[in-house]
Amino acid sequence: MSFFLVFLAIALVGAAFFLGTGRASKAFRGRRGADDGGLRALNDGFDQPVANLPPVLLPAEVEPSDVDRLRFALGLRGYRMDQVDQVLDELRDQLAARNRQIADLTAELERLRDEPGQAP
């Protein structure tokens, strides 16, 4: 009788571990999508993180000290990619706007230099 109780306890602990690790859902999953060429195994990983953190914002006119003060939230494998991508996109847009402004001012300065009788 005691052998049966020990066996039952081990079986219950094993079943609880099996169900708790989430392997049961994979083991009992049907052969649905068997024609996906093995891509289903790639989808069994982590889901995309939910964007529940506030965005990392930069001021309208970015200064080097603003970039020094940037802090990103840490994710499972490093920084949150969505936050880093957002800040890099914003920096790219601001740099492009500044480059356009510099080009416009340089062209205006050249135009004023070329006009006779006027000094900048």
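A salt bridge is a side-chain nitrogen of Lys or Arg within 4 Å of a carboxyl oxygen of Asp or Glu. In this predicted model, Asp89, Arg92 and Asp93 are linked in a network of such bridges.

**Salt bridges**

The structure holds 5 salt bridges. Three of them, including both that involve Arg92, are listed here with the distance between the closest N and O atoms.

| Asp89 | Arg92 | 3.3 Å |

Asp89 and Arg92 both belong to helix 4, which covers residues 81–114. They sit 3 residues apart, about one turn of the helix. An α-helix has 3.6 residues a turn, so residues three or four places apart point the same way.

**Overall layout**

The protein has 4 helices and 2 strands. Along the sequence they follow the pattern α-α-α-β-β-α. Of the 120 residues, 9% are buried. The accessible surface comes to about 10,500 Å², and carbon and sulfur atoms hold 62% of that. Among contacts with a separation of 6 or more, 53% join residues 24 or more positions apart.

**The core**

Which residues make up the largest nonpolar core? There are 6: Val56, Leu58, Val62, Leu70, Val87 and Leu91. In soluble globular proteins, nonpolar side chains tend to be buried together. Leaving aside neighbours within four places in sequence, Leu91 is in contact with Leu58, Val62 and Val67.

**Helix 1**

Helix 1 runs over residues 2–20. At 1.5 Å a residue, its 19 residues should span 27 Å; the end C-alpha atoms are 27 Å apart, which agrees. The number of buried residues in helix 1 is 0, so this helix lies largely in the open.

A nonpolar patch on the surface is formed by Met1, Phe4, Leu5, Leu8 and Leu12. Together these residues have about 570 Å² of accessible area. Leu5 is found in helix 1. Its relative accessibility is 47%, so Leu5 counts as partly exposed.

Note on methods: Residues are numbered from 1 along each chain as its sequence is written. This is a predicted model: local features need pLDDT of at least 70, side-chain atom pairs count only at pLDDT 80 or more; totals for chains, interfaces and linings use all residues. Side-chain values use heavy atoms; hydrogens and water are left out. A nonpolar core is a set of buried Ala, Val, Leu, Ile, Met, Phe, Trp, Tyr and Cys residues joined through side-chain atoms within 4.5 Å. Buried means under 20% relative accessible area, exposed over 50%, partly exposed in between (1.4 Å probe, protein chains only). Contact means heavy atoms within 4.5 Å. Accessible areas come from the Shrake-Rupley method with a 1.4 Å probe; for residues, only the protein chains shown count as cover. The expected span of a helix is 1.5 Å times one less than its number of residues. Patches are made of residues with over 30% relative accessible area and no salt bridge: like charges are joined within 9 Å, nonpolar side chains (Val, Leu, Ile, Met, Phe, Trp, Tyr) within 5 Å.
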